[in-house]
Amino acid sequence: MKNEVFGALSKKPDSIFNLSAGAFYRAGTYFGLCLRPLRHASGATLGEWGSARVYLCSRRGGIIKQKDNLLMELIPVKDGERVPFAVSADAAEFTIHTPYGRICFCFAENALMLVRGEGGLGLALRQELETHRIVRARGEKSAEFSFPYLCSLVYTPVRGTVRLDADWDYENLSSILHSAVIEPDQNGTFEAAIEEFTHFGCVRASYPDYETGKAGAAKDFEDYLSKMPQLSGEFEALRRKAAYNTWSSLVSPSGRIKRTYLYMYPSMPASSWQMAANAVSLKNNLPLGTELLLTMIDRQSENGQLPDFYDDVRNWDRCIKPPVQGWALEILMREHDFGKEMPREKLLSIYEGFSKWADWFMKYRDDDGDGIPQYEHGDETGNDDNLLFRSDSKLELPDLSALLALLFDQLGAIARLLEKPEEADSWRERSRVLIEKMIRTFWNGERFVGRTYGDHRIVDDTSLQFYRTLVLGKRLPQEIIDKMADDLSREGYFLTPYGFMAESLTAANYNRSAFGRGAITPMDNLLVITGLYSAGKTELAKEAARRYCRGVLGADTPFYPAQAGFPASWNASAFQILADLACNLP
């Protein structure tokens, strides 16, 4: 054992993603690599010498049929013995560091991982098998392991050999324990391929060499990064990490997913309003942003409802998220000429899909017919546990009307591009009427309030959700804009050194550890800050954006729900949008 290496690797090597919360994927992939801590280790030390185990993991929807998303453990070995290691990762390569050398991983293609080892190291693959699971030999030297609800993995030694240990156990109709070791050749090196299949797999006649595969992945990421806005000063340091988070969260079409889709967490899809924010963060990559806008329309119900989210095998249709698509369209159309830059068939799909979505609220969420739609659960606001719903589950709140009015307005703009002047005028008029009704219903002269469904009792709380109405920008009367901006500029009310709180710090039931009752939430900050900017409150918007982004820079920032290090793509998307606003918008 080379003891001197312990000192060199006692600190966690720098990585492009949060090793305790993220995973190593390439854009388009459904399987990747993740870490799990050893019993004595904490999330903060994950990746340091001797702190974790490495696993192949999956983000296919079938993981709900398993106890976790882990496929099999990957163990660096030397002369048959497990060796301690540290871990680092860049966009194109995941590296296991040992006293003897490295084992490196890259994705040559969406479903093809390449592995390379040196210094006499081998790589053991280990998994306890459940009933009906077996390991199958493929060809002369390959093996296949199948996961009934997920995929099949075929691993092939390209250089070196593989030694299998998977005895058949008839009593359990499985091999009980699958253990394989990819061993080095006479030069002490090995190369291997691990390929994922949705059906039974097969062995290729040849595989790409490691350096070619790594270079392809690196170029793919750099091309993606080049389309992200440049940032100045302190925020440029996180530009690459934020871009990696969203890039590696992309998955390719498979099963129910018909076009490029973006996940929120390593194994959980993004919801409909997060997808809209993801599209805005990709404003310099309009073709990809357009695909993300269309993903939810692909699974739209006949009556117009968008799903909350879906993946390759399941839909989450019994919940919705706020209709922020008008907000996304306004920002994107501010910088792009949709009539010239977007294919007409996609523009038409956006128009028809979001028209049905907008109408759905007025047809099916205005039960008392007063022209004001209602939320029916805190989940539907996106801040599940927010205090507004502590007494009633069904509320009429001004932000829903504001978001719908903005969507009406943007649908009118698209109708004009599609040469539908009468429909354009109708949408614009519907927007005007709803804004007037919203103000008349919810503005009390000092602030917006809500009301219960049916008996219309006033709900007068200090939730930041009431300030989402700023998405309407200068469509609101200046008096209302000024009063809301005054509230938001007060230190210690909603405004903190790290952005806006979801609930006022002065509220009796404020709780900074609860997501909707005190955390600094990405979507609320996005809607409120960009709304301030649209309303002409430029200085306040930029200052709040800078504070939010500085909060992301600090790993020990209070109030954040594990925000630093981008555990989720919506954190990264919010950072990209608000850092761009702070650094680049006039």
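Is Arg240 buried, partly exposed or exposed? Arg240 counts as partly exposed, at 30% relative accessibility. This is a predicted model. The chain averages a pLDDT of 91, and 93% of the residues score at least 70.

**Confidence**

- Residues 1-8 have a pLDDT below 50.
- Beyond near neighbours in sequence, this stretch makes ten contacts in the model.
- Where pLDDT is low, the predicted coordinates should not be read in detail.

**The eight-stranded sheet**

- Eight strands form an open sheet with antiparallel pairing.
- Their order is S5-S6-S7-S8-S15-S12-S11-S10.
- S5 and S10 (135-138) stand at the edges. Each has a single partner strand, so one side of each lacks a neighbour in the sheet.
- From one strand to the next, the twist averages 20°.
- Helix H2 lies across S7 (101-109), S8 and S15. H2 runs at about 60° to S7.

**Strand S15 and its partners**

- S8 (residues 112-117) and S15 (residues 190-197) run antiparallel and are joined by six bridges.
- Gly117 stands opposite Phe190 of S15. Val115 has Ala192 as its bridge partner in S15.
- S12 (residues 151-159) also pairs with S15 in the antiparallel sense, over seven bridges.
- Pro157 stands opposite Ala192 in S15.
- Eight of the eight residues of S15 are buried, so the strand is largely enclosed by the rest of the structure.
- In a regular strand the side chains alternate between the two faces of the sheet.
- Both faces of S15 are covered. One side carries Phe190, Ala192, Ile194 and Glu196, and the other carries Glu191, Ala193, Glu195 and Phe197. All of these are buried.

**The three-stranded sheet**

- A second open sheet has three strands in the order S21-S22-S23, with antiparallel pairing.
- The edge strands are S21 (395-396) and S23 (458-459), and each pairs on one side only.
- S21 and S22 (residues 450-452) pair over two bridges, in the antiparallel sense.
- Glu396 stands opposite Arg451 in S22.

**Salt bridges across the sequence**

- The count comes to 51 salt bridges.
- Asp90 and Arg240 meet through their side chains in one of them, at 3.8 Å from N to O.
- Asp90 lies in the loop between S5 (86-89) and S6 (94-98), and Arg240 lies in helix H3 (residues 236-248), so the pair ties together parts that are 150 residues apart in sequence.
- Asp90 counts as partly exposed, at 39% relative accessibility.
- Lys214 and Glu93 form another salt bridge, at 3.1 Å from N to O.
- Lys214 sits in H2 (residues 210-226) and Glu93 in the loop between S5 and S6, so this pair ties together parts that are 121 residues apart in sequence.
- Lys214 is partly exposed at 26% relative accessibility, whereas Glu93 is buried at 11%.

- Arg432 forms a salt bridge with Glu429, and their closest N and O atoms are 2.5 Å apart.
- Both residues lie in helix H10 (residues 421-442). They are three residues apart, about one turn of the helix.
- Arg432 is partly exposed, with a relative accessible area of 38%. Glu429 also counts as partly exposed, at 37% relative accessibility.
- A network of salt bridges links Glu330, Arg334, Asp409, Arg428 and Arg475.

**Thr469, a buried loop residue**

- Thr469 is found in the loop between S23 and helix H11 (478-488).
- At 0% relative accessibility, Thr469 counts as buried, because the cut-off is under 20%.
- The Thr469 side chain reaches the backbone oxygen of Phe466 at 2.9 Å.
- Leaving aside residues up to four places away in sequence, Thr469 touches Pro398, Asp399, Ala402, Met438, Phe448, Leu476 and Met484.

Conventions:
Residues are numbered from 1 along each chain as its sequence is written. This is a predicted model: local features need pLDDT of at least 70, side-chain atom pairs count only at pLDDT 80 or more; totals for chains, interfaces and linings use all residues. Side-chain values use heavy atoms; hydrogens and water are left out. Two strands pair if DSSP finds at least two bridges between them. Helices (H or I, at least four residues) and strands (E, at least two) are DSSP runs, numbered from the N terminus. A salt bridge is a side-chain nitrogen of Lys or Arg within 4 Å of a carboxyl oxygen of Asp or Glu. Buried means under 20% relative accessible area, exposed over 50%, partly exposed in between (1.4 Å probe, protein chains only). pLDDT is the predictor's confidence in each residue, from 0 to 100. Contact means heavy atoms within 4.5 Å. Axes are lines fitted to C-alpha atoms, for helices over the stretch in contact, and angles run from 0 to 180 degrees between N-to-C directions. A polar contact is a pair of N or O atoms within 3.5 Å; within protein, one must be able to donate a hydrogen and the other to accept it, and residues adjacent in sequence count only if both atoms are side-chain atoms.
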